[in-house]
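Notebook open, structure loaded. I want to go through the fold, the cores, the pocket and a couple of single residues.

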Amino acid sequence: MIAFVAGHGMRRMSGYVSEEVPTVLFEEENPDGWKDFVELAKAAGAPFVTMSEVVLEKDDIAALIERIRDQVYPDDDAPEIDDAERLVRHVGKIGYLQLGFAHQGVMFLFEVATDWYDSFQDLLDTVTDLGGIVVEDRDTDE
């Protein structure tokens, strides 16, 4: 991918484009759609493309499993724990990639994520949402 970008006479800048920036998402179902995106960037006269990737780390899974166990205690057989443990086979792999280029004040973005990374994010969102729930236990004897 880096060689493909360089082969089009552009540079690569490591950087993530956040949601606060005006963006247009490139919609492409083709697995090689990123190539079309780079060619579009070149046609727009972009001198560089931004590139951000997320690699799944062992510590990410360990932290996720710990948070799940905290949420489902005392049920150590919760299916979410098994789902998180299955993600171990993807450690060291890229799960999410974002490419971008600026044109006329707007960032054009290409984003792609693997199915397993989407599952990781779903599990993370679930434990984050559950962590915000507070159950009050008030005595009514006053």
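**Ground rules.** I take helices (H or I, at least four residues) and strands (E, at least two) as DSSP runs, numbered from the N terminus. This is a predicted model, where local features need pLDDT of at least 70 and side-chain atom pairs count only at pLDDT 80 or more, while totals for chains, interfaces and linings use all residues. Residues are numbered from 1 along each chain as its sequence is written, and side-chain values use heavy atoms, with hydrogens and water left out.

**Fold.** I looked up the secondary structure of the protein chain and got five helices and five strands. Read from the N terminus, the order is α-β-β-α-β-α-α-β-β-α. For burial I use relative accessible area: buried is under 20%, exposed over 50%, partly exposed in between (1.4 Å probe, protein chains only). Of the 142 residues in the protein chain, 29% are buried. I call it a contact when heavy atoms are within 4.5 Å. Taking contacts between residues at least 6 apart in sequence, 72% join residues at least 24 apart.

**Cores.** A nonpolar core here is a set of buried Ala, Val, Leu, Ile, Met, Phe, Trp, Tyr and Cys residues joined through side-chain atoms within 4.5 Å. The largest one has 15 residues, and Leu56, Leu64, Ile68, Ala84, Leu87, Phe120 and Leu123 have the most contacts inside it. Helix 3 (58-72), helix 4 (79-86) and helix 5 (115-131) each put in at least two residues of this core. Which helix gives the most to this core? It's helix 5, with five residues. I also checked Ala84: leaving aside neighbours within four places in sequence, Ala84 is in contact with Ile61, Leu64, Ile65, Ile68 and Leu123. Apart from this core lies another, of 13 residues, and Met10, Ala46, Met51 and Leu99 are among them.

**Helix 2.** Next I looked at which residues are buried in helix 2 (residues 33-43), and found Gly33, Trp34, Phe37, Val38 and Ala41. They sit on the same side of helix 2 because they cover an arc of only 145° around the axis, the arc being that of the directions from the helix axis to the C-beta atoms. These buried residues pack against helix 1 (2-7), strand 3 (48-55), strand 4 (94-103) and strand 5 (106-113). After helix 2 comes Gly45, with a positive phi near 85°.

**Pocket.** My pocket search runs on a 1 Å grid over the protein atoms alone: a pocket is an open set of points where a 1.4 Å probe fits, with protein on both sides within 12 Å along at least five of seven lines, and lining residues have an atom within 4 Å of a point. The largest pocket has a volume of about 150 Å³, volume being the space filled by probe spheres set on the points. Its lining includes Glu80, Arg86, His90, Trp116 and Asp122. Helix 4 and helix 5 each supply at least two lining residues, and helix 5 has the largest share, five residues.

**Two single residues.** Thr50 is in strand 3 and counts as buried, at 4% relative accessibility. Not counting residues up to four places away in sequence, Thr50 touches Met13, Gly15, Val17, Gln98, Leu99, Gly100 and Met107. Glu27 lies in the loop between strand 2 (23-25) and helix 2, and is exposed at 74% relative accessible area. I noted that Glu27 and Phe110 are 83 residues apart in sequence, yet 7.5 Å apart in space, C-alpha to C-alpha.
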